[in-house]
Structures are given as C-alpha cells and as structure tokens.
Amino acid sequence: MYLSSVSVPCPGIFYSTSARDGTLSRIRIPGGIVTTRQFRVIADLADKFAAGYVNITNRANFQIREVHTEINAEVLQQLREVGLASPIPGVDHLRNIMGSPTAGIDAEELIDTRSLIRALDNYITTHPELAPLSPKFSIAVDGGGALKICDRPNDIVLSAVEISTQIYFHLKLNLGKSFLDTGILLQPQVCVDLVDAIAKVYLQYSALEQQNITPYRKSRKLRLFEVLHNLGRERFLQEVESHLSYCLQQLPNIPTSAFTQSYLTRYLHFGVHPQRQQELSYIGVVLPLGTLETWQMHGLADIAQGYGSATLRLTPWQNLLLTDIPEQYIHEVKSKIEHLDLHWSPTKIHSAFVACAGSTGCASSATDTKNHALKLAEYLDQRITLNQPVNIHFTGCPKSCAQYNNGDITLLGVSEEKYHIYVGDRDNESKFGRELYQFVAFAELPALIEKILQVYTAQRLTRHESLGEFANRYSIAQLQQMVEEGRRDTRDKGDTGDMGDKTIQNLKSKIE
C-alpha cells in the first residue's frame, strides 16, 4: 500500500493515521489559499476514496476522514502536479504555514505575507533534512491586518510591525502555555534564514539519540519549546544567531497591541467586506462545524471561478472566504451560496460553533460531539436571535483538539451523553474557564444553553459585550441564580423546553 497508515498524531497525505471511523488523511494548504482546480481535486479524492465530505481544520488544512480505499501512487502524483503534496514524502507530516485569510486584500495590513508564506513552504518541502522535525513544528506569519492569526498557537510567530515607517517582522516563540516576546525585529527578506537557523538548533539539541528516531514520529519528539526551556532564552538565541551571517536586532517594548486580537474580531469576516482592491469584495462563508460535502465544494468552486479569481481561502476558524467578487455580483453570489445550503451571517447560531471529531471518529472522545453540536444548533436556531457570534465549543476530552483558546461556552464530554459546562475566561483550575454545571445529560443541554443565552442577551451591559465578558462579571453562584430566574420568561412564553424547573435546581445542587 503506497499510502501507509501509522498511529501518529499529525497525519499527512503520504502518512495517514487510523481513526475510529477509518483512515484519516490531511492535506497541507499553506496560508489557507487554494485554487479552484485544487479544490475540485480534493473533492474528487473525498468522493472516490472516502465518504464524500471534507473538514477544514483549525490550521486551515483539509482533512479527509473515513478513507476506506487505498490512495495509490497515481493519485499522489496528481496531487503533486497540482501543488497539494510535497515532492519529498518525509516532510509531508510537518504542519502547514499559517497566515491571515485576508492577506493581500486587507486594507489595514502592513504587508502582504503571501510571498513569504510561499517561500517558507518551499523551504520546508524541498529540504529532506527537516524530516526529523517535530510534527508539531509550526509557523504563523501575520501581516498586521484586521484579521490577525498571531494569537494562534504556533512554535514560531512572525508578526508585522511598523517602526519609523519601516516594516519588520517581530519574533515570538511558543513557551508551551505562553509566548516569549524576543524583541527581535527581522526584515522580511531574512525571515526564511531565521526559520532555518531555528530548525537547525532544534535538530541539534533534540536529537540526543538521532539514530533511533524515525522521521515519521513513531517515537516521541521534543517540541521546540522544550528545547527552548532546556537551553534557556539567552543560549537558545545565541545558538540561533550562530547559524546566521548577521546579528539579531532586538528592540524592547514593542507595542503588544499589534499581536493581539479580540474574540469577536475572529468572526467579523463573515458576510460581505470591501477589499483593498477597488470595487471588489470578499464574502466570509460559514461552514457548519467546518464540514463541506463534495457537492458543495464543486458549487463553491463554480462561484469562485465564475465570479472571483478562481481561488478560495480557508481560515483557522474552520470556514472560508470567496474573494475578488465585483460589487455588481454580490447579491447573485449570496443567492448561490444559499442554494448550497450555506450562509454568511455571523449572527446565525452555529456561526461560531466548534466541535472535535467526537466518539464516532476518535477513541479519546467521551461523547458524540459533532452530532450533539448539530442538534444543539438546530434547537437554538429556532429559538434564539443573536446580534453577534457566541462561541460554543464541544470537546469530547480534555485535549481540546478542535479549539485551543477558551470560548464563551465550553462543553466538555465526561461520560456517555454527559457534559461539564464552562463559561468565561480560564482560571487556575481549568483551561476551559469557570465550571458552571457538572454532568449535564445531553437531553437536558439544549434548554439549559437556551436559558444561558437568554440571560446573557437580556442582561449584558452593551450589545457588543461577549458572553465570556458578561460571565466574567459574576460569580458562579450569581450566574446560576440568573439562569434559574430565567425560567420565568420561559413560563411566560408557555414553553418549558426539554428541561423543567426541577432539572435546573438539580444541576445547581450538583455544582454546590
């Protein structure tokens, strides 16, 4: 079998991994930008070898699940020809380069990062000596526009900043649970050299028993941040500098506002937005839980080819953009998106829903998160109207594979059909936020979440206060009390939902 299946955490197209629902393959899409030809090839691949759908991942990759038929050498060669597979199989498992989905079309960005992302990807895919890198070795390049990705978890983050009218990339390094602000500024043309130097330091100090380590991760690999911790900041940077022909320029006190993004701005790209190119717009399309059926893929490719520039852009928030749409065709394109059973509105309840593969696809998951999320979205869509996104995150285990940052509401599967509910910011006790309820059966969950949303929309300070910000202003006891009081509104409407007063009181007693 040309496409080998091994038990690894980060599959590629040459080296897939086994999952509960079949073989899982992943296709790297550097910067998330894909041509319509590539889009159709992936759709055909999912039709012929899998179950007729694909997932967009939180790194803007394509993931093909339920692969039950061998992907042969001829198909892999076709993928190479259209730029979807590395010419060197040994580096195929490395993570794609993450970039802003609006690179080159964002009027606020400081620099178009697309050429740098292509250069970094070319460096990775043409250097076989990089095969022993950790499969989680990851790079993000942020151009400083409105839609930032510099808050996403990556080993190396290059964020554009403007210092005295000159554009530089500021270097941040992942420390595991936080980032190291190095203060190092790089001119765009030396960024590939810097990444090469970091990779050499990693390879030198991570391979203590290099001869016993295979390039396909059957043995554990140190993460880059572990090497950084072992060497210490100063020595690590000295080692990196030793591989360069110039000294690294450090500037303290770089404004941190350039490297952060509020929760809500992650979803404001939904809908129609003007590009920096005159009379052109992009449309942010919502994909339910990041899933696309292949007939929808062909329909989107038709739109991109007929009305845009024959490209589509995947986002790290598991949706996509149709770009370069002339203003006179916006209404027509929106209608065609609707005909694909898709939409673009950030106020639709499932616009900010996120869910991991769940128990049908992953042995680690305690609950059927995907189906539960879809059922909850359908329930709430008929009962709740929002003016801005509410991020509801389903995860079947504590690993939180689908979403790294905490959401407004996190639902952690803890046993079959039961969830713990978390709200607001993380605290010292849980990475998901503050625990509001424990062991809520899924049958009780929709009405409970409905009441939480009703309390939030009725009592938030402003229309733009997020649910997480709202929850952070109250103690857990106060939030529970407000949810209980929310029952009165439900009774006034003559609808008790799927969960009555006694159930809410029982949930309150569990958490106490």
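This is a predicted model: local features need pLDDT of at least 70, side-chain atom pairs count only at pLDDT 80 or more; totals for chains, interfaces and linings use all residues.
Five strands make it up, and they line up in the order E18-E19-E20-E21-E22. The sheet is open, and its pairing is mixed. At its edges sit strand E18, covering 353–355, and strand E22, covering 434–441, each of which pairs on one side only. Going from neighbour to neighbour, the strands are turned by 20 degrees against each other on average, with direction ignored.

Within that sheet, strand E20 (residues 409–415) and strand E21 (residues 418–423) run antiparallel, and six bridges join them. Here Ser 415 stands opposite Lys 418 in E21. The loop between E20 and E21 holds Glu 417. This residue is not a glycine, yet its phi is positive, at about 70 degrees. That is worth a remark because most residues other than glycine have a negative phi.

Is Ala 60 buried or exposed? With a relative accessibility of 4%, Ala 60 is buried, because the cut-off for that class is under 20%.

Next comes a residue in a helix. Gln 38 belongs to helix H1, which spans residues 36–49. Its relative accessibility is 10%, so Gln 38 counts as buried too. Which residues does Gln 38 touch, once its neighbours within four places in sequence are set aside? The contacts are with Ile 33, Val 82, Gly 83 and Leu 84.

Finally, there is a pair of helices. Helix H5 (residues 224–231) packs against helix H6 (residues 233–242) at an angle of about 110 degrees, and their axes are 6 Å apart. That angle falls in the range from 65 to 115 degrees, so H5 is roughly perpendicular to H6. The crossing in which H5 passes H6 is right-handed. On the H5 side, the contact is made by Leu 224, Val 227, Leu 228 and Leu 231, while H6 brings in Arg 233, Arg 235 and Phe 236. Sorted by class, the contact of H5 with H6 has five nonpolar residues and two charged ones, with no polar residues.

Technical notes. Residues are numbered from 1 along each chain as its sequence is written. Side-chain values use heavy atoms; hydrogens and water are left out. Two strands pair if DSSP finds at least two bridges between them. Helices (H or I, at least four residues) and strands (E, at least two) are DSSP runs, numbered from the N terminus. Axes are lines fitted to C-alpha atoms, for helices over the stretch in contact, and angles run from 0 to 180 degrees between N-to-C directions. Buried means under 20% relative accessible area, exposed over 50%, partly exposed in between (1.4 Å probe, protein chains only). Contact means heavy atoms within 4.5 Å. Angles under 35 degrees count as roughly parallel, over 145 as roughly antiparallel, 65 to 115 as roughly perpendicular and the rest as oblique. A crossing is left-handed if the near helix is turned anticlockwise from the far one by less than a right angle, and right-handed if clockwise. Ala, Val, Leu, Ile, Met, Phe, Trp, Tyr, Cys and Pro count as nonpolar, Asp, Glu, Lys and Arg as charged, and the others, Gly among them, as polar.
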